[in-house]
There are 4 protein chains.
Amino acid sequence: MHKGRMEAFTDGVIAVIITIMVLELKLPHAATWRALLADLPVFLSYVLSFAYVGLYWNNHHHLLQAVEHVNGRVLWANLFFLFWLSLFPFTTSWLNESHPMPAPVPTAVYGIVLLLTALAWIPLLRTLITANGGSTSGLARALRGDWKTVVSPIGYLVGIVLAFFAPILSCVIYALVAAIWLVPDRRLEAGVN
Amino acid sequence: MHKGRMEAFTDGVIAVIITIMVLELKLPHAATWRALLADLPVFLSYVLSFAYVGLYWNNHHHLLQAVEHVNGRVLWANLFFLFWLSLFPFTTSWLNESHPMPAPVPTAVYGIVLLLTALAWIPLLRTLITANGGSTSGLARALRGDWKTVVSPIGYLVGIVLAFFAPILSCVIYALVAAIWLVPDRRLEAGVN
Amino acid sequence: MHKGRMEAFTDGVIAVIITIMVLELKLPHAATWRALLADLPVFLSYVLSFAYVGLYWNNHHHLLQAVEHVNGRVLWANLFFLFWLSLFPFTTSWLNESHPMPAPVPTAVYGIVLLLTALAWIPLLRTLITANGGSTSGLARALRGDWKTVVSPIGYLVGIVLAFFAPILSCVIYALVAAIWLVPDRRLEAGVN
Amino acid sequence: MHKGRMEAFTDGVIAVIITIMVLELKLPHAATWRALLADLPVFLSYVLSFAYVGLYWNNHHHLLQAVEHVNGRVLWANLFFLFWLSLFPFTTSWLNESHPMPAPVPTAVYGIVLLLTALAWIPLLRTLITANGGSTSGLARALRGDWKTVVSPIGYLVGIVLAFFAPILSCVIYALVAAIWLVPDRRLEAGVN
């Protein structure tokens with residue numbers, strides 16, 4: 001089965017997710033710099049979520065470049081991944097409800113959705129490897145020892161626990177995890193170019 | 001007429017449908033686990049609708065893989081199918097208005113739109129078969145005796161009637177019908193690979 | 001310049017327009033059949049607008065099938081056409097504000113946007129003919145004597161004037177004009193197949 | 001790395017941005033011409049933002065026509081550009097909050113986002129040139145001496161400063177800068193055709 005239409009549908013879904021979050025940016029309560037500045041935390045959480053959705057699109061793009069085939073299992077693994085990604089506008093909005101400072105539960109839930117999205121990436125990877133030559137293929141070798149996919153869930157877990165003591169620190173950790181992903185996976189890129 | 005652009009437009013419409021439903025996920029009324037838990041039925045109905053839209057996309061993908069040609073009639077049958085699918089965000093929202101427990105009429109209407117979408121799939125199938133070799137073609141043979149397309153409308157009908165006695169049971173039935181569709185049509189998949 | 005990306009962008013814009021209109025379908029004020037039935041005019045206007053946007057997509061698809069080249073002028077003519085089409089969700093919502101019966105001014109404005117969209121189709125047609133062989137080309141011949149593009153604006157004009165006497169009649173006329181377009185342009189289709 | 005999927009994703013994001021702005025067009029407070037006319041400034045700002053997003057899509061299309069390759073750096077430069085573009089619905093809405101006449105701070109912020117989007121175009125251009133033959137390539141030559149990319153930021157800066165004295169003049173300047181961009185870059189177009 002050709003991978004083209006799964007890519008096109010994923011592009012559409014991610015394009016809508018990344019864009020509708022701006023609808024949640026409430027207007028400042030007055031036409032002043034002070035009112036705009038009071039919404040800075042809301043803006044920063046928008047930047048963070050935009051970065052996460054953007055890097056997932058980037059990684060999806062790199063991953064799909066490295067494969068040839070998809071099948072029914074891959075389609076469902078992809079939809080499962082998109083499901084968790086689709087919750088980002090919701091968790092971002094809830095995080096913003098409690099500004100200026102993030103509240104513990106929404107901060108933890110934001111991290112939980114980050115964690116579940118990261119975990120949902122694994123079956124997508126596995127089904128793609130199975131459909132493209134199995135564990136001895138170049139794709140499987142290229143993805144062996146991916147330290148980022150190990151470090152990220154640990155970072156999210158630490159952020160989730162910290163949310164009940166210092167939610168602002170959780171947000172810093174979420175931002176740091178995003179930062180280590182800003183560089184796309186060089187191995188995949190190298191394998192393609 | 002090439003099928004590519006009809007696929008692209010359908011991907012766009014379904015991508016928007018599946019994603020804007022998250023805008024209907026109202027924020028919990030407080031930043032607590034209890035408030036989040038109180039919205040669990042809303043979340044479950046989001047999961048159900050996401051699954052339905054996702055499986056329709058999957059089946060559309062499998063179906064279009066099996067054909068070569070589209071024509072003006074196919075385009076209109078496709079738009080007619082997309083029309084009913086586009087009502088999912090509306091029926092999902094209305095179902096959620098009456099939480100914690102679903103109310104009879106919105107539960108029945110949710111099932112009616114499920115039923116009409118399933119029925120709208122039939123002219124899409126028929127016009128595609130006509131445009132691609134008719135009833136003696138491989139596509140027509142591949143789709144003969146599709147028990148799921150017979151069982152599903154019966155399930156929706158039972159759910160619609162039950163809505164006036166035990167709406168929660170209707171939702172269970174809608175979920176069960178979705179479950180039998182989670183496996184994509186092996187015959188079509190086999191016919192393509 | 002290849003026509004592919006203009007088609008893809010147009011598909012995206014029309015997919016969003018046709019889908020976000022469902023966000024304007026307000027929930028019935030109660031979970032009853034009576035409340036749902038009271039919103040029937042709102043539903044009918046959704047059907048009408050969905051049909052119009054759908055048929056414009058269909059005609060755009062047929063038109064672009066008949067050409068090979070696009071240029072900068074075509075891109076702008078296309079954006080100008082999409083601008084008027086993008087106002088459909090707004091005029092549909094305004095029409096619905098005055099239900100059960102449509103109010104004169106919103107009914108007239110609905111028709112004015114229909115009229116301007118139809119007029120914006122003309123420069124798109126002209127620039128495409130110029131970019132693809134000019135007035136002696138097969139495309140220009142295929143589109144000569146297009147009675148629908150003459151009848152439609154007259155229908156809209158009659159609807160706009162009638163809006164100040166019997167707005168419900170205007171809506172009937174808008175629906176009749178949509179009906180004559182439901183059959184795609186056979187000449188273009190014939191020219192392609 | 002093939003440029004196709006970056007184009008498709010960008011088309012999706014820009015299609016959503018340009019279309020969801022219509023959701024911000026609040027309905028007139030009454031079903032009268034007078035109420036509609038009172039919202040004329042809101043409509044004009046919608047036209048302006050639609051034109052800006054449309055011309056950025058046009059220029060993106062022309063630019064990508066002139067290149068062959070993209071890489072990881074280009075993807076991030078593109079996302080950075082899309083981030084600023086995604087703020088247009090927000091700044092347009094805020095500008096409209098203060099109608100009939102635009103307020104100083106929202107007018108300045110509208111210009112700041114215009115300025116930052118224009119500046120975010122530069123790294124996109126640079127990374128594309130680097131990935132496609134460097135400063136001695138035809139692309140780099142084709143873009144040398146682009147007076148519009150110099151004049152536009154100056155126009156935005158003047159508009160931002162003027163916002164605190166005569167916001168309406170700022171809007172006129174923003175519209176004039178848009179007008180000089182309505183003609184696509186002839187050099188790129190010529191280089192492709």
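Predicted model: local features only at pLDDT ≥ 70, side-chain atom pairs only at ≥ 80, totals over all residues.
## Helix pair in chain A

Helix α1 of chain A spans residues 4-20, and helix α3 of chain A spans residues 40-65. The two pack at an angle of about 170°, and their axes lie 10 Å apart. Angles over 145 degrees count as roughly antiparallel, and α1(A) and α3(A) are therefore roughly antiparallel to each other.

From α1(A), the contact draws on A:Glu7, A:Thr10, A:Ile14, A:Ile17 and A:Ile18. From α3(A) come A:Phe50, A:Val53, A:Gly54, A:Trp57, A:His60 and A:Leu64. By class, seven of the residues in this α1(A)–α3(A) contact are nonpolar, three are polar and one is charged.

## Contact between chains B and C

Chain C puts 29 residues into the contact, and chain B puts in 26 residues. On the side of chain C that touches chain B, the elements giving two or more residues are α1 (4-20), α2 (33-38), α3 (40-65) and α10 (186-192) of chain C. Of these, α1(C) gives the most, with nine residues.

The chain C side that touches chain B holds 18 nonpolar residues. Another eight are polar, and three are charged.

## Helix α6 of chain B

Helix α6 of chain B runs over residues 104-131 and has 28 residues. From its first C-alpha to its last, α6(B) reaches 41 Å. That is close to the 40 Å expected at 1.5 Å a residue.

B:Gly133 follows α6(B). The phi of B:Gly133 is positive, near 105°.

Notes
Residues numbered from 1 in each chain as written. Chains lettered and ligands numbered in written order. Axes fitted to C-alpha atoms, helices over the stretch in contact; angles between N-to-C directions. Helix = DSSP H or I, 4+ residues; strand = E, 2+ residues; numbered from the N terminus. Parallel < 35°, antiparallel > 145°, perpendicular 65-115°, else oblique. Contact = placed C-beta atoms within 7 Å. Nonpolar A, V, L, I, M, F, W, Y, C, P; charged D, E, K, R; others polar. Expected span 1.5 Å × (residues − 1).
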